[in-house]
Every structure is written in C-alpha cells, then in structure tokens.
There are 2 protein chains.
Amino acid sequence: MATTPPHAPEPAGMTRKIKCPAPFLSKTYDLLEEEEICGGGRGGGAAHGVERLRIVSWNSEGNGFVVWSPADFSEAMLPKYFKHNNFSSFIRQLNTYGFKKTASKRWEFQHEKFKRGQRHLLAEIGRKKCDPSGFPPFLKAKYCSKNKSNNNNNNTKNMVMLMEENNKLRRERKDLEMQISHFKNLEMKLLECLSQYTTMPLLF
Amino acid sequence: MATTPPHAPEPAGMTRKIKCPAPFLSKTYDLLEEEEICGGGRGGGAAHGVERLRIVSWNSEGNGFVVWSPADFSEAMLPKYFKHNNFSSFIRQLNTYGFKKTASKRWEFQHEKFKRGQRHLLAEIGRKKCDPSGFPPFLKAKYCSKNKSNNNNNNTKNMVMLMEENNKLRRERKDLEMQISHFKNLEMKLLECLSQYTTMPLLF
DNA sequence: GGTTCTAGAACC
DNA sequence: GGTTCTAGAACC
C-alpha cells in the first residue's frame with residue numbers, strides 16, 4: 001500500500017483536515033455496494049429462475065461503473081438515494097465531480113479515485129473548480145490554442161465573442177443598478193414611515 | 001389569414017425562399033400526429049380493456065407537448081424517428097431550436113411556432129443563432145477600420161482592452177450584487193421594525 | 001452542496 | 001444538420 005500511515009508527519013505547509021467525501025459520492029458508492037449484494041438474482045425471483053437484469057454495477061475492472069438500464073435506474077434507484085428521479089441530474093453531478101463517460105455505447109463512467117473496494121479514496125474527490133483566471137470560458141480553449149495558422153480568424157472570432165460578453169455584462173450592470181435605485185427608494189420611504197412612530201435613532 | 005398569398009410581390013430586398021422545416025422539427029411533429037392517431041388504446045390491447053398509457057402527446061391547449069414517459073419514449077419512439085435512443089439528445093435538439101420546458105414536474109415543452117394543426121409554422125422555426133447583439137460602439141470604428149497594415153497589432157490591443165474591460169465589468173457586477181443583498185437585508189429589518197408600530201398594510 | 005434548464009463544442 | 005459529452009448558471 002502506498003497510502004500514508006496514520007501517524008506519519010504531515011507534509012510541510014499542509015494543515016490536517018479529516019475530509020468527508022461529498023454526499024453525492026458516498027451515495028453513489030453505497031448504491032453500487034448495495035446493488036452488488038442484492039442485485040441480479042435477488043430474493044424469490046431467482047428461486048423461480050427469474051433472474052432480474054442488472055440495473056447498475058461496477059465494471060469488470062472495478063475502476064468504474066455501468067448503468068445498464070437508465071430507465072430502471074432512474075425510476076427505482078435514484079429516488080432511494082437522491083431527491084429526484086432524473087437521470088440527467090445524476091449525470092450532471094458525475095460531471096461536477098470529474099467523472100468521465102468511458103464507453104460510447106454504454107453509460108459507463110470512471111474517475112481516477114472511484115474504485116471498487118477503495119471507499120477511502122472518495123474523500124480525495126472534489127468538485128471541479130471553476131476557472132480563477134477571470135477569462136470567459138469559451139475563450140480559454142481558443143486563446144490557448146496552438147493552431148497558429150488560423151490565428152487571424154480566431155482573433156476575429158474571439159473579438160466578437162468578447163464584445164458580446166461585454167454587452168451582456170453592460171446589460172446586467174444596468175439591470176443591477178436599476179434594482180439598487182429601487183431599493184434606495186424603498187429604504188427612504190420605509191425610514192420616513194418609521195419616523196412617524198419613533199424618534200429613536202435607527203441602527204442598521 | 002395573415003399569411004402572404006402565393007403570388008404577392010416580394011418585399012423589396014428580400015429573396016424568395018421556399019423554406020423546408022428542419023428535419024428534427026418535422027419528425028417531432030410527425031411523431032406527435034402519429035401518436036395522436038395510434039396512441040393511447042391501440043390495437044388489441046384496448047379490446048381487452050388494457051389501455052396503453054400515453055407516452056407522448058400534445059398538451060391540452062395544443063401549444064406544446066408532454067413526454068409522459070421518458071423511458072418508453074426513449075426506447076420505443078426515438079429510434080423510430082432518429083438515429084439514437086437518447087433522451088438527452090432529444091432535449092438538446094429541442095433547446096437548439098428554442099423550445100422551452102414549461103412545467104417543472106412534467107417533460108412539457110413549448111415553442112411559439114410549434115402548435116397542433118399548424119404544421120406550416122414549422123418552417124419559421126430556426127436554430128438559435130449565436131450572434132444576436134451588435135458591436136459595442138466604442139470599438140466599432142477601430143474594428144471596421146480599413147487600415148489593414150496595423151490590423152494585427154490593433155487586434156491584439158483591442159483584445160487586451162476588451163479583456164480588461166470585461167474583468168472590470170465582472171468586478172463591478174459582483175460589487176453591485178453585494179449591495180443588493182445588503183439592501184434586501186435592510187429592507188427586511190425595516191419592515192420587521194415597522195410591524196411593531198402598525199398593522200396597516202404597507203403599500204410600496 | 002444538489003437539482004434543473006440550457007448551451008458550448010467536438011465530432012459524426 | 002444531428003448526436004454526444006460536459007459545463008454554466010440560476011435556483012433550491
């Protein structure tokens with residue numbers, strides 16, 4: 001095992017943090033373990049030779065999982081673990097935590113730290129962070145592109161995109177400013193109104 | 001009817017174009033008409049009192065449609081009309097053509113030009129375009145400049161300016177949002193305070 | 001932190 | 001023009 005022993009000194013500059021895995025990850029892991037025990041030929045069904053089809057399971061390598069039947073998965077399992085029965089919401093969460101779809105004809109997903117029998121790794125999975133650079137996301141790829149031949153063209157496109165972004169921000173600013181002016185107005189009226197009832201200074 | 005008669009003269013500057021609706025739209029429309037005829041209590045099922053549940057149908061106003069069972073819809077109907085059985089791909093197409101989801105607990109979608117009995121309107125539905133806005137005035141002159149010699153340089157400078165402007169606008173937006181949240185808080189406190197003095201409804 | 005609705009972008 | 005995978009953003 002390459003994991004750090006319990007009493008090993010912390011690496012310099014790191015603060016000790018006992019991290020819990022995100023609820024979404026634990027639940028997804030639970031769901032797979034549960035299904036591994038009960039799934040397939042569950043209960044009386046097997047006795048009658050009626051093996052239930054797998055709904056979801058670890059893949060054969062144990063480094064990912066497959067939703068074999070999105071319909072049954074959504075209707076029967078999602079509500080048991082989450083607050084919805086919406087398959088796309090489940091997918092959205094997988095993407096949020098950096099899972100990748102790894103097969104084109106199956107709903108198979110993998111994540112470096114999501115493996116059968118390795119529940120402790122879950123705590124190391126975080127949400128994908130958003131870009132700190134402040135660059136609009138649609139420009140990152142193009143701006144950092146190595147394709148020099150199209151640079152002129154890209155520049156034009158980028159410029160247009162920046163202008164659009166810019167316009168959007170201006171519109172939003174205007175809208176926010178209107179809201180603020182509304183609130184200022186409201187505040188004035190309320191204070192006026194209150195002054196009829198009290199001479200106490202109002203501390204807000 | 002307000003539609004242009006077949007032989008009316010074209011408005012000046014417009015070229016005559018007999019537009020076909022996008023295949024996606026026709027197929028979706030087909031699918032609904034087909035389902036209207038055959039759906040519900042289809043075939044022998046009805047004879048035995050086993051009415052099949054609706055999979056998809058127009059809504060009651062005829063100005064939108066509802067996918068009642070995404071699972072059956074995906075497995076039974078999508079492959080019949082499209083090259084996949086993927087519900088989210090279908091949703092993606094709806095969004096591409098500007099449909100809106102109009103109910104929170106049903107898969108109901110509407111589009112201004114997508115109505116029961118109005119197939120001719122389909123041709124007026126286009127893909128949503130990515131450039132609705134004009135250029136910001138302060139750069140228009142430079143951008144449309146005929147001075148080709150400096151174009152590359154200017155482009156770079158303009159790009160940098162735009163990005164800086166952009167980041168500034170983001171910071172401002174954040175600041176304005178904070179102000180608004182402050183005002184909301186304040187309003188709440190003032191109303192609370194006022195409520196000690198009066199039970200009169202406050203009309204602002 | 002989770003859920004929903006919609007869009008970007010690459011690929012076909 | 002269609003299909004797939006992933007992400008942004010608003011809202012809860």
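R92(A) is exposed, with a relative accessible area of 52%. This is a predicted model. R92(A) belongs to a positive surface patch, together with K100(A), R127(A) and K128(A). A negative patch draws on both chain A and chain B.

**Positive patch**
- Four residues form this patch: R92(A), K100(A), R127(A) and K128(A).
- R92(A) sits in helix α4 of chain A, which covers residues 87-96.
- R92(A) counts as exposed because its relative accessible area of 52% passes the cut-off of over 50%.

**Negative patch**
- The members here are D72(A), E75(A), D72(B) and E75(B).
- Helix α3 (70-81) of chain A and helix α3 (70-81) of chain B each contribute at least two residues to the negative patch.
- D72(B) is found in helix α3 of chain B.
- D72(B) is partly exposed, at a relative accessible area of 40%. That value lies between the limits of 20% and 50%, so D72(B) is neither buried nor exposed.

**Fold of chain A**
- Chain A has six helices and four strands.
- Along the sequence, their order is α-α-β-β-α-α-β-β-α-α.
- Among contacts in chain A with a separation of 6 or more, 51% join residues 24 or more positions apart.

**Burial and surface of chain A**
- Chain A has 204 residues, and 32% of them count as buried.
- Its accessible surface is about 13,500 Å².
- Carbon and sulfur atoms account for 55% of that surface.

Terms used:
Residues numbered from 1 in each chain as written. Chains lettered and ligands numbered in written order. Predicted model: local features only at pLDDT ≥ 70, side-chain atom pairs only at ≥ 80, totals over all residues. Heavy atoms only, no water. Patch = residues over 30% accessible without salt bridge, like charges linked within 9 Å, V, L, I, M, F, W, Y side chains within 5 Å. Areas by Shrake-Rupley, 256 points an atom, 1.4 Å probe, with all protein chains shown as cover. Salt bridge = Lys/Arg side-chain N within 4 Å of Asp/Glu carboxyl O. Lys, Arg positive; Asp, Glu negative; His and termini not counted. Charge placed at Lys NZ, Arg CZ, Asp CG, Glu CD. Buried < 20%, exposed > 50% of the residue type's maximum accessible area, 1.4 Å probe, protein only. Contact = heavy atoms within 4.5 Å.
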